Amino acid sequence: MRIVSAIWTPKNLGRIAQAITKHYVLIIILGMALTMWSLSILPNIKIDSDYMAFLPENFASVQNLKKVMEKTGGFGDFKIVLEGASPEIRRQYAKTLSDEISKLNWVDFAEYKKGWEKIEKSKFLFVALEDLEEIYRRTEHNIQVNKNPIIIDFEEDNGGNKLNFDDIEKKYQRTSFGSAYFEDPNLLYTAIQVWPKGSQTNINFVKKGLNDLQNILKNNSPKTVNPELTATIGGSFRNKIDEYQSLINDIYNTALIAFCGILFLILFFYRRLSAAINILLPLVLG
């Protein structure tokens, strides 16, 4: 503190002021040159929205998470939601889009159907206990009726003794389990999941992915398939872009509001435009 006090004495400050007054043209030129150099490196300055940047590198959980991200490309996906038209039209269009998207070099895989073959083999594991008991009761009853024709079947449908589970099947068709596709229970939407190879924390990678998907939708417009069909891109990767853009807009808006506020205060206090220019020019350069 004593060294600082010794330097910033009134005498030394007076010398600095005289030097600035004498060489102000050179100082302005140097300031402008430094500003131009700063603008040249400005595009390389990016906002890192990766939450992992705030975590300690020596934590085992952080290291394990990074290993997982190196193998899987991170977490999250793009989703393309199809709406309108009939479920059959949406499913066929989803297949066309999935085939095109899978050709992109940054895509790990794209899918519009569940792994239905595996689910089909174990579908009774997803059925409620009371429904399983009802299936067993009907099956047992049907066996007894076919073995002994003398038994009067009061559950016959139109005089036949065919085993029927339509009511139970319809019950599960109203759930996401009941469809082999990524659809809602009411069959109003069909979705495509796109799993990228890169991380959603890489904004340039995410923007490239979004741009490629938009181009595919442009070249394979849903309106050419059906006038009522629409396609919307969403998912955690798309949300990342929206979050980043919102952050950038907040920075620009805050800077503009602050600049206008300072300009108003300077004009109100000094009541001279020249004072505002002299004060705000170094601020703008900074």
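Modeller: The protein chain contains 12 helices and four strands in this predicted model. Of its 286 residues, 25% count as buried. The chain exposes about 20,400 Å², and carbon and sulfur atoms supply 62% of that area. Among contacts between residues at least 6 apart in sequence, 69% join residues at least 24 apart.

The patch itself is formed by Tyr24, Val25, Ile28, Ile29, Met32, Leu281 and Leu285, which together have about 640 Å² of accessible area on the surface. Two or more of these residues come from each of helix H3, spanning 24-41, and helix H12, spanning 273-285. Helix H3 provides the largest share, five residues, and Tyr24 has its place in that helix.

Helix H12 also takes part in a packing with another helix, H11, which covers residues 236-270. Two packed helices are described by the angle between their axes and the distance between the axes. For H11 and H12, the axes come within 9 Å and cross at roughly 150°, and the crossing is right-handed. On the H11 side, the residues that meet H12 are Phe259, Ile262, Leu263, Ile266, Leu267 and Tyr270. Their counterparts in H12 are Leu273, Ala275, Ala276, Ile279, Leu280, Leu283 and Val284.

Technical notes
Residues are numbered from 1 along each chain as its sequence is written. This is a predicted model: local features need pLDDT of at least 70, side-chain atom pairs count only at pLDDT 80 or more; totals for chains, interfaces and linings use all residues. Side-chain values use heavy atoms; hydrogens and water are left out. Patches are made of residues with over 30% relative accessible area and no salt bridge: like charges are joined within 9 Å, nonpolar side chains (Val, Leu, Ile, Met, Phe, Trp, Tyr) within 5 Å. Accessible areas come from the Shrake-Rupley method with a 1.4 Å probe; for residues, only the protein chains shown count as cover. A salt bridge is a side-chain nitrogen of Lys or Arg within 4 Å of a carboxyl oxygen of Asp or Glu. Buried means under 20% relative accessible area, exposed over 50%, partly exposed in between (1.4 Å probe, protein chains only). Contact means heavy atoms within 4.5 Å. Axes are lines fitted to C-alpha atoms, for helices over the stretch in contact, and angles run from 0 to 180 degrees between N-to-C directions. A crossing is left-handed if the near helix is turned anticlockwise from the far one by less than a right angle, and right-handed if clockwise.
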